[in-house]
Amino acid sequence: MDAFIRFTNQTQGRDRLFRATQYTCMLLRYLLEPKAGKKKVVMKLKKLESSVSTGRKSNLNRVIYFICDTILWVRSVGLTSGINKEKWRTRAAHHYCFSLLLSLVRDLYEISLQMKRVTRDRAKKEKSASQDSLGYSVAAEETEWLQSFLLLLFRSLKQHPPLLLDTVKNLCDILNPLDQLGIYKSNPGITGLGGLVSSIAGMITVAYPQMKLKTR
């Protein structure tokens with residue numbers, strides 16, 4: 001209970017919790033909509049999702065996206081009606097998508113460094129044991145290239161949990177702006193699931209700071 005209180009006392013912690021609730025409602029709404037007799041429940045989930053979304057305070061460290069998000073919030077609460085909602089929503093999605101792509105490029109770079117490190121360590125161990133230094137390298141036989149690559153990727157991410165967590169979070173986050181921009185159309189179920197997974201990953205980094213990826 002003390003850990004939960006400390007978590008919710010943090011601004012980031014509360015935002016992650018609200019975000020997880022928002023996307024859980026979206027996912028449940030998608031799953032229940034096709035079922036008969038669930039109309040009232042679906043409507044309640046939709047209202048709750050809308051309320052949580054409106055009440056969330058964006059704390060993303062992306063200045064341009066924050067500005068667009070704030071303008072959309074002003075429009076959604078009725079403080080002004082002279083704002084083109086779709087125009088600003090598209091702008092926000094563009095900047096959010098761009099920032100996530102940059103984050104994924106950083107993740108891929110970190111993954112490549114980690115894979116090189118793992119390959120180098122394996123080569124040293126095999127050399128000391130007088131074994132073939134290419135045994136676990138990506139440069140294995142051509143027919144086993146994919147298997148060797150996936151095995152190396154798995155070992156690299158296993159040794160660096162913050163990198164795995166950050167990559168999963170960014171991949172899940174990018175589903176929403178890609179859908180809004182029409183680049184990759186999905187549905188509320190996929191978007192909700194991705195948002196929920198991302199929110200859980202975000203809550204883990206807040207609760208356990210050592211799981212946050214440290215950039216150079």
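Here are a few friendly notes on this predicted model, taken point by point.

1. **Confidence.** The protein chain has a mean pLDDT of 76, with 69% of its residues at 70 or more. Among the elements, helix H7 (residues 161-173) has the highest mean, 93, while helix H1 (residues 2-9) has the lowest, 54. Please also look at residues 133-140, where the pLDDT is below 50; this stretch still has 16 contacts in the model beyond near neighbours in sequence. Where pLDDT is low, the predicted coordinates should not be read in detail.

2. **Overall make-up.** The protein chain holds 9 helices and 0 strands, which gives the pattern α-α-α-α-α-α-α-α-α along the sequence. Of its 216 residues, 35% are buried. Taking contacts between residues at least 6 apart in sequence, 66% join residues at least 24 apart. The accessible surface is about 14000 Å², and carbon and sulfur atoms account for 61% of that.

3. **The link between H5 and H7.** Of the 5 salt bridges in the structure, I would look at Arg106 with Asp166, where the N to O distance is 2.5 Å. This pair ties together distant parts of the chain, with Arg106 in helix H5 (residues 85-128) and Asp166 in helix H7, 60 residues apart. Arg106 is partly exposed at 28% relative accessible area, whereas Asp166 is buried at 17%.

4. **Other salt bridges.** The side chains of Arg29 and Glu33 also pair up, at 3.5 Å from N to O. Here Arg29 counts as buried, at 12% relative accessibility, and Glu33 is partly exposed, at 46%. Another pair is Asp179 with Lys185, at 3.7 Å from N to O. Asp179 is buried, with a relative accessible area of 16%, but Lys185 counts as exposed, at 58%. Salt bridges with shared partners also bring Arg106, Asp107 and Asp166 into one network.

5. Leu164, Val168, Leu193 and Val197 make a nonpolar surface patch of about 280 Å². Helices H7 and H9 (188-207) each contribute at least two of the patch residues. Val168, which lies in H7, is partly exposed, with a relative accessible area of 32%.

6. **Cysteines.** How many disulfides does the structure hold? The count is 0.

Notes
Residues numbered from 1 in each chain as written. Predicted model: local features only at pLDDT ≥ 70, side-chain atom pairs only at ≥ 80, totals over all residues. Heavy atoms only, no water. pLDDT = per-residue confidence, 0-100. Helix = DSSP H or I, 4+ residues; strand = E, 2+ residues; numbered from the N terminus. Contact = heavy atoms within 4.5 Å. Patch = residues over 30% accessible without salt bridge, like charges linked within 9 Å, V, L, I, M, F, W, Y side chains within 5 Å. Areas by Shrake-Rupley, 256 points an atom, 1.4 Å probe, with all protein chains shown as cover. Salt bridge = Lys/Arg side-chain N within 4 Å of Asp/Glu carboxyl O. Buried < 20%, exposed > 50% of the residue type's maximum accessible area, 1.4 Å probe, protein only. Disulfide = S-S within 2.5 Å.
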